[in-house]
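Please look through the sequence and the model shown here before reading on.

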Amino acid sequence: MRHTPAMESAVLAFMSAHEGPVGARAAARHLRERGFDVSESTVSRLLGDLDERALTQSLGKKGRILTEEGTRVAANQQLDSRRASYFADALDLRDVHDLIDHLIGRRGIEREAARAAALRARPEELTRLRAMVETDGEARWRERLAFHKTIGQASHNKQIQAITTTLFDERLDLLERLLIMIGIKQDALVRWDQEHRDIVASISDRDADGAERLMVVHLDGMIRETEHFANSGNAHVIHTLLAEIDLA
Ligand SMILES: [Zn+2]
């Protein structure tokens, strides 16, 4: 059996938390406790592999310790996994308040995304955005789902792209559908479609102030309609749909 990156991370984390050298048997026991189905020989190969990559160093019969590089890699892996769980936690929306907070967070990011897109979007991206907002029928639905993600990508600001890529993860498509459903129930969808066209027109005109202002207006409207929808006795509809979004 071949070891996996998840097993490797678990061993590095175990060794970094452990005082003194770690033997192959202790490493195997730890992996099994963590739910990995591993044989002694798989663990030996994993440890040999870590030695070869100079992440661990053998002290003979006593076992192994992390090298300086191994300690650094283990610490980075822990930070990466903590960051991933912060994001997973932030995107685990449970009720109307979580949803409103999510939209408020988006308003902060997306106003800058619209501004940056007006300054930096490439000509072919402008062509695509203009084509997207002019669609009908089935393509109209795809545009509604993809519009905000596309603006994030067209910002060409690495920071904004990293955050928007996470906010518009495919697993959160259901959230966009929920917002569209709220738009339909609140009779706001036609207005939202027009706002998308106005934002694209500002971006095309390289009008950064206009694009930013219109994006704020658009998100303000979504926040307001979500609050109205929830306050008209529909909070349970939102809660039920949010529960269906699975980030695992
Ligand atoms: Zn929108």
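The paragraphs below take up the metal site and then the packing of helices around it.

This is a predicted model, in which local features need pLDDT of at least 70 and side-chain atom pairs count only at pLDDT 80 or more, while totals for chains, interfaces and linings use all residues. Residues are numbered from 1 along each chain as its sequence is written, and side-chain values use heavy atoms, with hydrogens and water left out.

The zinc ion is coordinated through the NE2 atoms of His148, His196 and His218, at 2.0 to 2.1 Å; donors here are N, O and S atoms within 2.8 Å of the metal (3.2 Å for Na, K and Ca), and because water is not among the atoms, sites may look incomplete. Along the chain, the zinc donors have the spacing H-x47-H-x21-H. Distant parts of the chain are linked by the pair His196, in helix α10 (residues 189-204), and His218, in helix α11 (residues 208-243), which lie 22 residues apart; helices are DSSP runs of H or I with at least four residues, numbered from the N terminus. Both His196 and His218 are buried, that is, under 20% relative accessible area with a 1.4 Å probe and protein chains only.

His196 also takes part in helix packing, since the residues Leu126, Leu129, Arg130 and Val133 of α6 meet His196, Arg197, Val200, Ile203 and Ser204 of α10, where contact means heavy atoms within 4.5 Å. The axes of helix α6 (residues 123-133) and α10 come within 9 Å and cross at roughly 160°, axes being lines fitted to C-alpha atoms over the stretch in contact, with angles from 0 to 180 degrees between N-to-C directions. That angle makes α6 roughly antiparallel to α10, a term for angles over 145 degrees.

Technical notes
Helices (H or I, at least four residues) and strands (E, at least two) are DSSP runs, numbered from the N terminus. Buried means under 20% relative accessible area, exposed over 50%, partly exposed in between (1.4 Å probe, protein chains only). Angles under 35 degrees count as roughly parallel, over 145 as roughly antiparallel, 65 to 115 as roughly perpendicular and the rest as oblique.
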